[in-house]
Amino acid sequence: MTSKIETTNELRDDKVLRLVIKYSIPAILAMMVTSLYNTVDRAFIGSMKDVGALAISGLGVTMPFMTILGAFCVGLAVGGSTNIAIKLGEGNKEEAEKALGNTFAIELFVGIAMMIISAFFLEDILYFFGASSDTIKYSMDYMSVIMCGAWFNLPGFAMNSAIRGEGNPKLASKMMITSCLLNLILDPIFIFGFGMGIKGAALGTVICQLVICLWSTYYFTKGKSNLKLRLKNIRIESKIIKGILVIALTQFCMELSAGFIHLITNKVLKLYGGDLAIGAMTAITSINLLFYMPVFGISQGMQTIIAYNYGAKQFDRAKKALSIGMIGAIGILSLGLIATRLFPEILIGIFTKDATLMELALNGISIYSLTLPAVGICILGAVYFQSIGNAKMSIVLSLLRQVIVFIPLILLIPKLLGLNGVWAAQPLADIISTLIIVGFLIKEFKVDSVRELSYR
């Protein structure tokens, strides 16, 4: 395994293109397998005999809750792993281990708290998120199982992210890929073999989350890790947590805003298209997720490189990592745009054979996916500011596309265009946000150039 010294020299000295490829490819593979799992999972649910259309609509209702859970899960994990990478870039292993222990502690605390809240208020929450008397059963069956695993899902995800932060992206991705492949095996067994329906899909997910938690925790305690998860560091220490939260705020806001958007979108969809319109959006976003996931993989790969080099005052290398990442992201999402233009029936057909749902989804995807390539700039632009520790800017930019611009559009345009207005709101928000984010990046690069000259 790569030693700490070898890893830090590599991040400082190797060609940036080689580093982005090395760190991104394992993350992309892991994300693609995760995306494949999500796709197959929803395809299994959509193909359930007689109830598939309502079941996938019920799953769509759970998305706001899932993204809120993900806000804590991913936000704190990214905050911890980025903090670890920065501390290693500064040569401070002791502080990096404290960040590791504190991340584990706060994720465990949040996971237990959310599990308790859901035990008492889950049904009320799901009705608030857009469930109806027809879809509540499927939403409850899925989320009641998922929330039982929150206490180990959150710390497990954080530990996996920390493995990448300490310089071992291949192992982190291997864990995710193994877990997702296991999920693909378990889903049909539980859904169809045991006749558990949508509850079986959730059970398969929870089992795989437990595998990730146990494997990642073992690596940092008994495995050949550079950093160790020490009992003395598993606590909430205000100074360490503050550093984690400052960085985590960007990802947290991105994820939380996504949940808020799911909530608003579900309500508008229900108003203009009914329960099946929510199901159509679930299918459309699942397809787009297939193309977003490699971009998220690139963002994970470049985060460690940017954070380390920024901490080492190598600003030009940090900027180059972003540029390479954006070129890759735009290329991947352009392929996604082409696929949604050429093969929409095939893509939608993965999730449903219901004629009404199919018609709604085909119309929706033709509008909703128009600006896919621009999304790469929006995602990676905000991630750059997050990686360099500029929390305020990264929060603003992450909220820009999903909240500041999108919410007024989705509330106003459907009044003029009906359901087509719901589909059109997101691409319009993408165009506006991309232009603004590019402007802020150009300004930041000018400042970084001055800083680099001052350190020479």
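1. Rings of Phe, Tyr and Trp (for Trp, its six-membered ring) are said to pair if their centres lie within 6.5 Å, and a pair counts as stacked when the planes are under 30 degrees apart, as edge-to-face when they are over 60, and as tilted for the rest. By this rule the structure holds 10 aromatic pairs. In one of them, the ring centres of Tyr-384 and Phe-445 are 5.7 Å apart and the planes stand at 85°, so this pair is edge-to-face.

2. A word on the basis of this note: the model is a predicted one, in which local features need pLDDT of at least 70 and side-chain atom pairs count only at pLDDT 80 or more, while totals for chains, interfaces and linings use all residues. Residues are numbered from 1 along each chain as its sequence is written, and side-chain values use heavy atoms, with hydrogens and water left out.

3. The protein chain has 17 helices and zero strands, where helices (H or I, at least four residues) and strands (E, at least two) are DSSP runs numbered from the N terminus. Its radius of gyration is 21 Å, close to the 23 Å that the globule rule gives for 456 residues, so the chain is as compact as a globular protein of that length; this radius is taken over C-alpha atoms, and the rule is 2.2 Å times the number of residues to the power 0.38. Along the principal axes, the C-alpha trace spans about 65 × 45 × 35 Å.

4. Of the 456 residues, 62% count as buried, a term that means under 20% relative accessible area, with exposed meaning over 50% and partly exposed in between (1.4 Å probe, protein chains only). Tyr-384, at 0% relative accessibility, is buried, and Phe-445 is buried too, at 18%. Because Tyr-384 lies in helix α14 (residues 372-387) and Phe-445 in helix α17 (residues 419-455), their pair ties together parts that are 61 residues apart in sequence.

5. What sits over the ring of Phe-445? The charged end of Lys-319 does, at 5.5 Å from the ring centre, under the rule that NZ of Lys or CZ of Arg must be within 6 Å of the centre and within 35 degrees of the ring normal. Lys-319 also meets Asp-316 in a salt bridge (4.0 Å, N to O), a contact defined as a side-chain nitrogen of Lys or Arg within 4 Å of a carboxyl oxygen of Asp or Glu. Asp-316 and Lys-319 both lie in helix α11 (residues 315-342), three residues apart, about one turn of the helix.

6. The whole structure has seven salt bridges, and among them is the one between Arg-230 and Glu-97 (2.9 Å, N to O). This pair links distant parts of the chain, 133 residues apart, since Arg-230 is in the loop between α8 (198-221) and α9 (238-273) and Glu-97 is in helix α4. Arg-230 is partly exposed at 36%, whereas Glu-97 is buried at 7%.

7. A further salt bridge joins the side chains of Asp-430 and Arg-401 (2.5 Å, N to O). Asp-430 lies in helix α17 and Arg-401 in helix α15 (residues 391-404), so the pair ties together parts that are 29 residues apart in sequence. Asp-430 is buried, with a relative accessible area of 2%, and Arg-401 is buried, with 11%.
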